Every structure is written in C-alpha cells, then in structure tokens.
Amino acid sequence: MTLAEDELYKHSDSVNEQLARYGVKFGIYKNGVFHEQLFPFDVIPRVIEHDEFAYLERGLKQRVKALNEFITDIYSDKKIIKDGVIAEEFVYSGSGWLIQCDGVKPPKGIYAHISGIDLVQGKDGSWYVLEDNLRIPSGASYPMTARYICRNSFPAVFERYHIENNRNYAELLSNTMEYVNTGGRSVILTPGRYNAAYFEHSYFAEQTEAPLVAGNDLIVENEHLFFIDYSGKKERVGTVYRRISDEYLDPVNFNRESLIGVPHIFDIYKKGNVALVNAPGNGVADDKGIYYFVPAMVKYYLGEEPILQNAPTYLPFYEKDMKYVLENFDRLVIKDVAEAGGYGVVFASKLTGEKKSEFIAMLKAEPRRFIAQEVIDFLDIDIYEDGKPVPRKADLRAFVLMAEEPIVWKSGLTRFSRRVDSFIVNSSQGGGFKDTWVMAE
Amino acid sequence: MSRLHYSYHMQLSFESPVKEHYFKLRCFPSSDERQKISGEHIKIFPAHFSNSERDSFGNMCIYGTALQTHSRFSVDVSGTAEINALFNVKADTNRIPVFKYETKLTTAGANIRAFHRTFPPLSYMTFYERAVFMMERLFEEFYYMPGKTGVFTTAEEAFSLGCGVCQDYAQILLTLCRIDRIPCRYVTGMIPGEGATHAWTEIYSPESSEWIAIDPTHNRKCDGTYIKISSGRDSQDCAINQGVFTGGGRQSQEIKVIVAEAF
C-alpha cells in the first residue's frame, strides 16, 4: 500500500502545533526538577494489515488471559510454584509481589484490567513481546488525540483507506470500569498535574465522563467509598481507575508517607466494596524476571501453545543460562529487573575494560537482579524528518482491556527513537510517537 | 498451662489538635493452637467509624476514622489468655515460602554476612536447631540497650551498632535465618510485668509443619507466659498503629502493657 505521503508531510507542522495546543505533553523529572515536554508526533502512520493484526490480537488475548490466571494463582493457591514451573525466588523477592494482596479476591477475579504489551517486529517480519506492562500502562491517549487531529487535517486520506476506528478506546475503558463496578460511580484517580501522564488522566476523564479526582476528593466511610464533588455533594463510588501506584494508594496500608492516596481504600477493596483498576499487586506479573516465564504460563494455565513469542531471554539465576550469558556476553542486552522506562538497560557490546569486568562481577554477585536478551534487529520504519523520510527503530504498545473477555484495541502506541541506531524508544528518553493504523480489510 | 490477664494501653497526644484521623490498629491478641483469648475488651477513643479485618498474615486489625478535632487518641485492650506452651502454632504450608526471603528491614549487609560466615555449615541440624544455635551466638555478640535504635532501624544497622532492643534481636535473628533460607517470622506480643510490648521470633519446623517460638532477647524458647499479638515478615508487618491525620505538630506516644497471672 502506498500512502498519500505528500499530503501527510504537508500537515506535519500543523498537526504537531495542534497537539501542543491540546496539551499533549508528558512530564519528566530531571535532577529533581519537573519539566513538561511535548511528545513529538510523526505523521507517517505505522500500518498493520488486517490479517497480521488478527494474529497479534489472538496472541495478545491469550497472553493477557494467562497473565491474569497467573496473578490469581499467585495470590491464592500458588500451584505454578508448587508444580515447579516458576522458581519462587522470582515471585517472593521481586518488587511486584505485594504481601497485602495475598488471599485477596478482586471483583470479578480481574487483576489485569488494562494491559500495555510492548512488541517489536524483527527484520524477518516476526513479532516479539518485549515487555508486559500491567501496573499502570499509559499511552493510549496519544494516538487517540493524534487520530482526531489527523482526521480533521486530511480527511480525504481517511476516506481512501479503510482504517479501523480507534476512537472507541473510551468506550472500551468505560466498559472495563463498569464491568467490575461494585455499585456507584466510576472515577479516575490522578496523583495530580505533576504526574508524567496527567494529560492522559484528564483526557480519559473527559472522554469517559468519569470524574477526574484527587485523593482528597475521595473518602471511606462505613466500609464504602464516596466522592465529594466541588459543591459538597457525596456520591458512592464503585470503581476507581487509579493512576497512582500501589505503594501510594493507601497510607494506612502501604507507604504511610503518601499524601496522594485514600486512607482505607485497600481495606474496603479487600471486602469487595470497591473495584480498583488495575488491581493492586498485579505488578508481580510484569516483573522483567517473570516475563521469562510467560510462554510457560500460557501452556500451564491454558493448555495452549503460545501464539506470541518472547525475545530470546536468559536468566543468569539459572546456571545453564549464566554460562550462556558469560560466553555470549558481547552480543546480549542486559536489563536490571528493578528498572523501567528504558533505564538500567545495558548493551554489553558497549562495555569495555574495567566497566565490563565490574559489570560481570555484579552479574555474578546478584544473578537474580538481571535478565539477558538477544538483541533483536527491529524492522526500521520511516519517520519524516527535515523534509524526507528516514528509517528509525520503533516498537508498538498494544492495549488489551479486560471485561468479560479480553479485547484488543485496534490501534496502539507506536514509539520511535529519534536518534539513528538507538534502540531506546521510551518517551522519557526523548522518543516520539506515531499513529497506528490497523486496516479494516 | 498458664492463665494470664493482660492490658494494653496506648495513647497518642498531639501538641495541637488533629482531625480527619484515619487509623489501622494491630494490637489484639487472637486465639490459636497455643493461646485461648477470653473476656476481651476493646476501647478506641475517639472513633466515628470502625471495622475489623484480618490482614494477609491472619492478624486481627481494627481500622477506622476519627473525623472531628481531638488532641488525644487512645486504645485500650484487655482480656485473659490461657496458654499451653506444649502446643505450637500450625503453619499454613502454602504461605511458608514468603518467610524465607529478606525484607527491607531484614536484608543482610556486610556485617551480618561476615558474622554468619563464622558459623559452621547448616548440615546435620534441623531448622529449629540451627536457629537456636544462631540465637545463642547472637546473644553473646549483641547487648541490650534501649534508646540506641528506633522503629525503622534495620537489622544490619542494629547489628553494626552492637546493641539494641527486642525488635533488633528479633530482626537480626530473622536475617541470619534467611541467609540459610529458613522460613521464620517476627512476632509482637506481651510478657509478664509492666512495660512495653515485646518482640520475638518463630521458626518453621518442616518436620511438624509448625511454628516454634524462640525469644532471642532472652536467649530462650518461649514458654507459657508469652502472649502473641501479631506476626509477619518483620516489624513493619506487625506495626501496632498505622495512622494519618491532618494537623498536629509534634506528637508523643505512651504505651503501657501489664501482664500478670490470673487466678
């Protein structure tokens, strides 16, 4: 398919200008100072053909189902550990495991309501999952806004191609919130405007018509949660789509220093009186160490062959893998399991001399802390820069929303690296984004 | 078998009045295989709403809210405990592995590791025997001295100081056990006399699927005078009070525990 490139290029500046005016920004902290940055948009969309997306869709649904089964099991019977499929060290000494959630059943048994699965496509065309983001994955608001502006800027292009409409994300999100609702309103809980994704929080609130609330707008009284609006009116709340991490969610149950949380929200959640989206403790499944075991989980819980593959990964924790990692050190990428956002990623080939031996010593001393992966040569996709298309590395964050069944949003956030030869696409590292077109036929 | 009467009193005093006070208390002994609680009386003041729940360790918690302005907040718990020291608490084997791994407060640093290296290897000993051996060694190495350590002092920090209180003894022993991957837990409770709460440890015995209680501060097995309040991986899990409020300035806390033989 050839795109109407010229027509797209022509609008590059004006679309970016409108995105800026809409406030499509994200915040980052550098040396303790908060900056808000525009999220650079590239007009050339990533196009995924209908059949190819159908394949991804099947694989993503399967993967999220298995992850949800895993979290359910880990906080109840722990069969997968007893059966020796997953080493218990990766569960109990990982940062995602929350003891407070042990034995707790979330409404409708859903732990992973909104998942952001990061994929890359290799040069041979095959897709690999790089990461499962289950805690508070963000990013859907960016392609939603960009699509809206692009449709207005060059409507003819959208008439010519049959592209899946991605404006239904708000509806999917509302359904997910309503499905688990325990009675009352659904609200979106934000840590405030100094959060990296504040734009997204306010945008979702606007699109789903759920009130955007801060911790002090919510109060627990007599085992139920209430929202107090600006006029003092009190209304029962049945679902909180919380964009606050587990640690800060409730100062009497987690970090007592938290000023942005809601005291006792976790106590009533345990009793089934409010749904928390996503469920606390679900980070146990998005640990980089646990990632290694996801294909095994698919087989274990669903009795199916995994449709999507992981990037080839090694756990130095296992002797056999450690041997492989040391022998092939120079061509691997090593990731610190505790880090996120593109931090703690080391391309071993870039290490030399002392740095290298220091790193290997650390790897040997704390094998549980790292995973090693083969470097996947991603397929380059074009971005428009200085008046012409140039190839850059890109990934795809696909969103899966769980209600009665998992549903894959027919779009996604395509992030790209703006630097030649860089594999790091994270927005916190200066990357940009594209719209993702899923073809309808 | 012994019969003990206990009373626990805790009062928070605020320099200037506070409001919107949310609390979660974990200071209520429950019945188990070893102890039977009767005649329990609980008073929390002020409290507009309060409810109870069991946390993930099975500890009884009361949480609630004191909305209106107050300068003092107090909790009084009393009752009778019948303790049969011949019995140990049964373990939920599904939950055992959690207690094998270090927590923030029980992470071994260089000093505890070096101390642990002076011990012979684990072989030919049960978990319980090994823990008792380490308790004895710790008792020779560490001194009881109040005021040097605080609620958030880690095992490694306390061990490096060389002295501390019951919380430190217990957490250092847990850290040592966890180096050997022996499942063990922290216990908060009360012992006869007048004073504060006490802390000790429980060691998992795979032979009987039970928790065996030992007290590293006194270097002994816990007898029928130990009333258990709560258990967890470390002192944080057993926090007696976790609360937040608006206002207040400085606050002071007064705790008084009285345990005496009941006739």
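This is a predicted model: local features need pLDDT of at least 70, side-chain atom pairs count only at pLDDT 80 or more; totals for chains, interfaces and linings use all residues.
Residues are numbered from 1 along each chain as written, and chains are lettered from A in the order in which they are written. Local features need pLDDT of at least 70 and side-chain atom pairs count only at pLDDT 80 or more, whereas totals for chains, interfaces and linings use all residues; side-chain values use heavy atoms, with hydrogens and water left out.

**Exercise 1. Describe the interface of chain A and chain B.**

Step 1. Contact means heavy atoms within 4.5 Å. By this rule, 29 residues of chain A are in contact with 30 residues of chain B.

Step 2. About 2400 Å² is buried between the two chains, 51% of it on carbon and sulfur atoms. Buried area is the accessible area (1.4 Å probe) that two parts lose on being put together, summed over both.

Step 3. A salt bridge requires a side-chain nitrogen of Lys or Arg within 4 Å of a carboxyl oxygen of Asp or Glu. Chain A and chain B have four salt bridges between them. Glu53(B) and Lys270(A) meet in a salt bridge, at 2.7 Å from N to O.

Step 4. On the side of chain A that touches chain B, the elements giving two or more residues are α5 (88-92), β8 (218-221) and α11 (265-270). Helices (H or I, at least four residues) and strands (E, at least two) are DSSP runs, numbered from the N terminus.

**Exercise 2. Characterise the setting of Thr65(B).**

Step 1. Thr65(B) is placed in strand β4 (residues 60-66) of chain B.

Step 2. Its relative accessible area is 2%, so Thr65(B) is buried. Buried means under 20% relative accessible area, exposed over 50%, and partly exposed in between (1.4 Å probe, protein chains only).

Step 3. Not counting residues up to four places away in sequence, Thr65(B) touches residues of chain A, Val220(A) and His264(A), and residues of chain B, including His21(B), Tyr22(B) and Phe49(B).

**Exercise 3. Determine which parts of chain B the salt bridge of Lys228(B) and Glu202(B) ties together.**

Step 1. The closest N and O atoms of Lys228(B) and Glu202(B) are 3.3 Å apart.

Step 2. Lys228(B) lies in strand β14 (residues 227-232) and Glu202(B) in strand β11 (residues 198-205), so the pair ties together parts 26 residues apart in sequence.

Step 3. Lys228(B) counts as buried at 11% relative accessibility, and Glu202(B) is buried at 2%.
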